[in-house]
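The stops below proceed from one selection to the next.

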Amino acid sequence: MNIDKKLEGQVSVRVRSGEVDSYRIAHHSNYIVWYEIGRVHYLETYLADWLKETSLLNKQGKLEYIKSRFVNPAHIDDVLNVYTKLEGVEELDDKVILTFKQKILNNTTRKMANTSVAKVSYEIVGDKSGLGT
């Protein structure tokens with residue numbers, strides 16, 4: 001199965017009270033969680049068949065590397081849109097590494113943060129024949 005790298009997923013998240021400080025600004029560590037929500041949504045929406053073929057379905061990916069740039073603060077009750085795009089697939093003997101590019105915008109399309117790279121590895125169980133990238 002060939003993976004279409006032109007697809008971009010989008011999912012919305014709302015900044016909750018437990019994610020902000022006393023100034024009602026979201027702590028930067030929450031962006032990593034929001035990126036993960038975006039990657040999981042992308043996998044479930046665009047790569048579900050591929051994940052089944054490669055025996056990776058329901059396997060938790062391991063975040064191996066992330067580089068993010070925070071541009072503007074997010075505040076309590078902001079609705080953030082997480083955009084995710086698959087940039088690459090690297091096949092190794094015992095795992096596959098998916099590389100994503102992501103950005104977070106608020107509802108007024110103001111950029112909040114973006115990743116230059118997020119690499120997530122998945123351990124391969126069984127046959128690798130479905131890895132036609």
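Select Tyr-42 and Tyr-46 in helix α1: four residues apart, they are separated by about one helical turn. Helices here are DSSP runs of H or I with at least four residues, and strands are runs of E with at least two, numbered from the N terminus. Tyr-42 has a relative accessibility of 0% and counts as buried, whereas Tyr-46, at 29%, is partly exposed. Buried denotes under 20% relative accessible area, exposed over 50%, and partly exposed the range in between, with a 1.4 Å probe and protein chains only.

Rings of Phe, Tyr and Trp (its six-membered ring) pair if their centres lie within 6.5 Å; planes under 30 degrees apart are stacked, over 60 edge-to-face, and the rest tilted. The count of aromatic pairs is four. For Tyr-42 and Tyr-46, centres 5.0 Å apart and planes at 55° make the pair tilted. Next, select Tyr-31, Trp-34 and Phe-70, which form one aromatic cluster.

The model is predicted: local features require pLDDT of at least 70 and side-chain atom pairs 80 or more, while totals for chains, interfaces and linings use all residues. Residues are numbered from 1 along each chain as its sequence is written, and side-chain values use heavy atoms, without hydrogens or water.

Turn now to the charged side chains. How many salt bridges are there? The count is three, where a salt bridge requires a side-chain nitrogen of Lys or Arg within 4 Å of a carboxyl oxygen of Asp or Glu.

- Select Glu-36 and Arg-39, joined at 2.7 Å, N to O. They lie three residues apart in helix α1 (residues 29-46), about one helical turn. Glu-36 is partly exposed at 33%; Arg-39 is buried at 2%.
- Select Glu-19 and Arg-16, whose closest N and O atoms are 2.6 Å apart. Glu-19 is buried at 6%, but Arg-16 is exposed at 54%.
- Select Glu-64 and Lys-95, which meet at 2.9 Å, N to O. Glu-64 belongs to strand β2 (residues 62-70) and Lys-95 to strand β4 (residues 95-106), so the pair ties together parts 31 residues apart in sequence.

Finally, colour the chain by pLDDT, the predictor's confidence in each residue, from 0 to 100. The chain mean is 85; confidence is lowest in helix α2 (residues 48-53), at a mean of 76, and highest in strand β1 (residues 8-14), at 96.
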